[in-house]
Amino acid sequence: MKVPKVNIIGAGLAGLSASCFLAQAGFEINVFEKNSRPGGRANFFEAEGFKFDMGPSWYWLPDVFENFFANFNKSVTDFYDLKKLETSYRVYWGKEDFTDIPAGLNNFLKLADALEPGSSQKLDGFFKEAEMKYDIAVNDICKEPGLSPFEFLKLKYLKAFLSCDSLSSVRSHIYKYVKNDRLRQILEFPILFLGTAANHTISLYSFMNHADTALSTWFPLGGIHEIPLGIQKLAESLGVKFHFNSEISKNNFNELNDDTVLINCDYQYFEQNILEKESQSYSENYWKSRTLCPAVLVFYIGVNKQLKSLEHHNIFFDYPYDLNAHEIYSVPKWPSNPFIYISASSKTDPSLAPANSENLFISIPIAAGLSDTEEIRKEYREKILTRIENVIGEKFIDDIIYERSYCINDFEKDYHSYQGNAFGLANTLMQTHFLRPSIKSKKMENIYYCGHSTVPGPGMPTAVLSGEIVSKQIIKEHAKNLH
Ligand SMILES: Cc1cc2nc3c(=O)[nH]c(=O)nc-3n(C[C@H](O)[C@H](O)[C@H](O)COP(=O)(O)OP(=O)(O)OC[C@H]3O[C@@H](n4cnc5c(N)ncnc54)[C@H](O)[C@@H]3O)c2cc1C
């Protein structure tokens, strides 16, 4: 019998994950990637002795990665070394005024009591519910193919929905438990990972608070890029063939289209730019009406000294996030005083910077589709770096020895990202699960999709799950052709 083939377009984390499951099931797999290495947005570069992860920096949901490798009788430690961060992250509230968020739920509850005496008792129920939601959301719902609303009609899900506060917003859910403004902001923070805001998202997603506290923040030594390198190694051991610097376009797509094709490159780009109109599942207007995750402006900065006022992960709530969210989702414009995030991974892994130096990844979220010019980047560089120096109370601008910026135009060029967005489609209520673009083409029988714009949504762990979901669907539908 002829071995059935799957051609995968894109070697992002979702495409890499799918390649492993499909190869293990007996398909012949070829992966075509436009860039020179695997990992997609989980990319990196090196310059002047500094190594910068270009995209993701938070390693959350470690169980998802562990479970992924376990499917192949492997463990994370077969591919990279993980380090748990004892301080998950630092929150700056204003000038030299910060709170360190510790790893582990018990430590977090002690912090909660320090911010609002007696709150740990109230939060006990909040975190039990978050854990229960996590179990259902990540281990069950996130593995559904999202092909029908009936997937929700399982007794287990219905019981869970009815037993807890699932449909109010995350914000109102949190406000029922605690009054302290800082504690409220800390509890709202994990929702930003879904590409939306706490007042726009249903409290089913409070499972992210379990991820933040009980599961903690980790880091793969060598940098985030170790994850795609590890999965590529696994895929190659299963027989997957990679073709880098191989962009698929309207001109060469037909060469792949006789077999099953799995699309990992950006959904909107593939549909609108590579497929003919009659083969597209969604119209141009459909995409225009979607809520995109934010875009980001990033500065990769090498500093010729160590900064004692920073932890590995640092977030800035010195200005209210709500105005930033308004300027991203409601009236898109360059933000007045944006939320700032700094990763200094050299704090955890000094090999990522020259001796006594720091590799800073400084980013702000902005609305997708904004005009991105050198003048604007320059203006924000001055604004943001001065603000950071002022808040952390430590000078570093004069010690910068390397810098590079990255924004909307780069995302469009490097990843064919729709309007330069960073993380795909936001996980709002109306864009959740079966309401997201489908993993199966509605027009072409041989075409399937994975990645951050379909189920389950944005993020590295979810990309890995997305590859698993779509593979299971392909394997189910092609079982008769497999040995
Ligand atoms: C700045 C930033 C920060 C982030 N922070 C975090 C974080 O801290 N934690 C976290 O978990 N997640 C984070 N994310 C999100 C996470 O990186 C993504 O959700 C995830 O990596 C997406 O994987 P994917 O496989 O869906 O898509 P991608 O990574 O975009 O992969 C798609 C691949 O398709 C390729 N491609 C595109 N067009 C073509 C074509 N025509 N032909 C061939 N190949 C093509 C692209 O080059 C790319 O390699 C962040 C993302 C960004 C950008």
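The structure is a predicted model, in which local features need pLDDT of at least 70 and side-chain atom pairs count only at pLDDT 80 or more, while totals for chains, interfaces and linings use all residues. Residues are numbered from 1 along each chain as its sequence is written. Helices (H or I, at least four residues) and strands (E, at least two) are DSSP runs, numbered from the N terminus.

**Ligand shell**

- The ligand is surrounded by 35 residues, of which the closest are G10, G12, G40, C265 and G451; a residue is near a molecule if its C-beta atom, placed from the backbone, lies within 6 Å of it.
- At least two residues of this shell come from each of α1 (13-25), β11 and α15 (460-478).
- By class, the shell holds 19 nonpolar, 12 polar and 4 charged residues, where Ala, Val, Leu, Ile, Met, Phe, Trp, Tyr, Cys and Pro count as nonpolar, Asp, Glu, Lys and Arg as charged, and the others, Gly among them, as polar.

**Helices α1 and α15**

- The axes of α1 and α15 come within 7 Å and cross at roughly 35 degrees; axes are lines fitted to C-alpha atoms, for helices over the stretch in contact, and angles run from 0 to 180 degrees between N-to-C directions.
- Residues of α1 including L13, L16, F21 and L22 meet residues of α15 including M460, V464, V470 and I474, with contact taken as C-beta atoms, placed from the backbone, within 7 Å.
- This contact of α1 with α15 divides into 13 nonpolar, 5 polar and 1 charged residues.

**Helices α3 and α4**

- Helix α3 (residues 105-115) and helix α4 (residues 119-139) have axes that come within 8 Å and cross at roughly 140 degrees.
- That angle makes α3 oblique to α4, since angles under 35 degrees count as roughly parallel, over 145 as roughly antiparallel, 65 to 115 as roughly perpendicular and the rest as oblique.
- On the α3 side L105, L109, A112 and D113 meet S119, S120, L123 and F127 of α4, and by class the contact has 5 nonpolar, 2 polar and 1 charged residues.

**The sheet**

- An open sheet of 7 strands runs in the order β7-β6-β12-β13-β14-β11-β15 with mixed pairing, two strands being paired if DSSP finds at least two bridges between them.
- β7 (97-102) and β15 (400-406) stand at the edges with a single partner strand each, so one side of each is left without a neighbour in the sheet.
- Strand β11 (residues 295-303) runs antiparallel to strand β14 (residues 358-366), joined by 9 bridges, and L297 stands opposite I364 in β14.

Notes: Contact = placed C-beta atoms within 7 Å.
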